[in-house]
Amino acid sequence: MKKWIGTDESGKGDYFSGLVVAGVMVDESTVSKLKELGVKDSKRLSDSRVEVLSDSIKEICPNSVVSIGPERYNELYSRLRNLNRILGWAHARVIENLVTQTSCELVIADKFGNKRYIEKALMEKGKQIRLEQREKAESDPAVAAASILARDGFLKELKKTGDKIGTVLPKGAGIEVEEKAQDLVKKHGEGILGSIAKVHFKTTQKLKANYSSPQDSANWEEAERLDRIWAPWRTKYIFSPPAEECIFCSAVNKKDEEAFILYRGEKAFVIMNIFPYNNGHLMVAPYRHTANIEELTREEVDSLFKLVQKSVKVLKAKMRPQGFNIGMNLGKVAGAGVEGHLHIHIVPRWNGDTNFMPVVSETKVISQSLEEAYKLLKEVFENE
Ligand SMILES: [Zn+2]
């Protein structure tokens with residue numbers, strides 16, 4: 001029987017709260033059930049209808065929902081500076097979860113940016129799939145069902161975000177949203193936006209321009225002067241490099257905990273692979289920016305390999321994996337994500353992990369486990 005997966009996202013046009021991506025697998029029999037229920041593009045349905053339909057779809061179809069809260073969204077945005085890369089990553093997670101559950105190989109996604117954003121973000125398991133991106137993909141029943149789960153997930157996130165500060169947050173990015181944001185800044189200070197809204201939206205800039213009270217505008221200016229770019233949600237990311245800058249070189253100049261550096265050796269260092277993060281995925285790179293393994297000095301080779309040993313030792317002690325994949329990709333054609341600065345990947349493996357890690361479907365959990373894992377490993381590296 002023909003079966004396929006549809007994916008869609010919700011929240012990318014809403015200033016408040018984060019972003020939700022969902023996927024639904026359908027086959028010929030579930031498609032007719034979805035039609036009977038009246039499943040169609042969530043944009044053509046009321047919020048209450050979306051909620052009811054979402055429950056029914058979850059009963060009928062295999063599905064996966066990845067939810068990125070506002071804080072996590074702002075972190076990702078300040079690092080990647082590109083919504084399409086965030087979307088590509090989140091769609092890829094949803095696809096992987098579903099491919100793992102269902103072994104379905106055809107995926108239809110709505111067209112945003114470039115197909116490569118999703119493909120690049122897909123890992124082992126996901127790569128076996130056939131990905132079709134379409135304009136107006138919502139006419140496909142699987143994509144329509146996914147749009148409903150994504151919208152429902154987003155509306156719940158929006159409510160949760162509002163509940164945190166005891167208010168109801170409006171949808172979209174219009175006048176009502178601007179006024180609400182202004183009130184909230186008055187009440188809680190400008191820092192609040194980082195934990196409730198997508199701060200890269202123009203709304204944030206407008207808000208700043210509109211701000212009238214002299215004391216408050218002095219505060220805004222002070223914040224701007226200190227941070228250069230206005231990024232109150234998390235000062236530790238204000239110095240993140242533009243995407244085209246070498247991530248290894250720029251990490252070296254940051255504080256360990258800002259860059260997730262676990263250990264600095266003589267000629268090389270150990271850093272966590274934070275994007276996408278999989279449990280225990282580490283990288284070892286020389287300090288020197290070079291793409292050519294044959295140009296490494298004897299000391300650099302020693303330092304690199306010592307740190308690989310050390311990493312394996314630490315991961316064995318703290319995460320108890322049953323095996324490791326260790327290796328390098330040299331050159332884009334070989335799959336190198338960062339081409340110009342060579343690095344060795346160390347990926348712990350557990351029995352039964354389907355790709356890199358038993359699937360984690362909630363991005364917030366990933367974010368939390370990333371920082372926890374960092375603290376856990378950092379301590380051992382230092383005492384090792
Ligand atoms: Zn470099």
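# Questions on a predicted model

Q: How do you know whether helix α4 has the length expected at 1.5 Å a residue?
A: Helix α4 covers residues 83–102, which is 20 residues, and spans 28 Å from its first C-alpha to its last. The expected span is 1.5 Å times one less than the number of residues. For α4 that expectation is 28 Å, and the helix comes close to it. The model is predicted: local features need pLDDT of at least 70 and side-chain atom pairs count only at pLDDT 80 or more, while totals for chains, interfaces and linings use all residues. Residues are numbered from 1 along each chain as its sequence is written.

Q: Why is α4 called largely enclosed?
A: A residue is buried if 20 or more other C-beta atoms lie within 10 Å of its own, exposed if 12 or fewer, and partly exposed in between, with C-beta atoms placed from the backbone. In α4, 14 of the 20 residues are buried, so the rest of the structure largely encloses this helix. Ser103 follows α4 and has a positive phi, near 50°.

Q: How many helices and strands does the protein chain have?
A: There are 14 helices and ten strands. Helices (H or I, at least four residues) and strands (E, at least two) are DSSP runs, numbered from the N terminus. Of the 384 residues of the chain, 39% count as buried.

Q: What makes β3 and β5 edge strands?
A: Two strands pair if DSSP finds at least two bridges between them. Five strands form an open sheet in the order β3-β2-β1-β4-β5, with mixed pairing. Within that order, β3 (63–68) and β5 (130–134) each pair on one side only, which makes them the edge strands.

Q: How do you know that β1 pairs with β2?
A: Eight bridges join β1 (residues 3–10) to β2 (residues 19–27), and the two run antiparallel. Trp4 has Val26 of β2 as its bridge partner, and Glu9 stands opposite Val21. On to β3, six bridges join β2 to that strand, again antiparallel, and Val21 stands opposite Val66.

Q: Why is β2 called largely enclosed?
A: Eight of the nine residues of β2 are buried, so the rest of the structure largely encloses this strand.

Q: Which residues of α2 and α6 meet?
A: Two residues are in contact if their C-beta atoms, placed from the backbone, lie within 7 Å. On the α2 side the residues are Asp47, Val50, Glu51, Leu53, Ser54 and Ile57, and they meet Ala145, Ile148, Leu149, Arg151, Asp152 and Leu155 of α6. By class, the contact has seven nonpolar, one polar and four charged residues. Ala, Val, Leu, Ile, Met, Phe, Trp, Tyr, Cys and Pro count as nonpolar, Asp, Glu, Lys and Arg as charged, and the others, Gly among them, as polar.

Q: Which residues of helix α3 are buried?
A: In α3 (residues 70–80), the buried residues are Pro70, Tyr73, Asn74, Glu75, Leu76, Tyr77 and Ser78. They pack against β2, β3, α4, α6 and α8 (193–196). Just after α3, Arg81 has a positive phi of about 50°.
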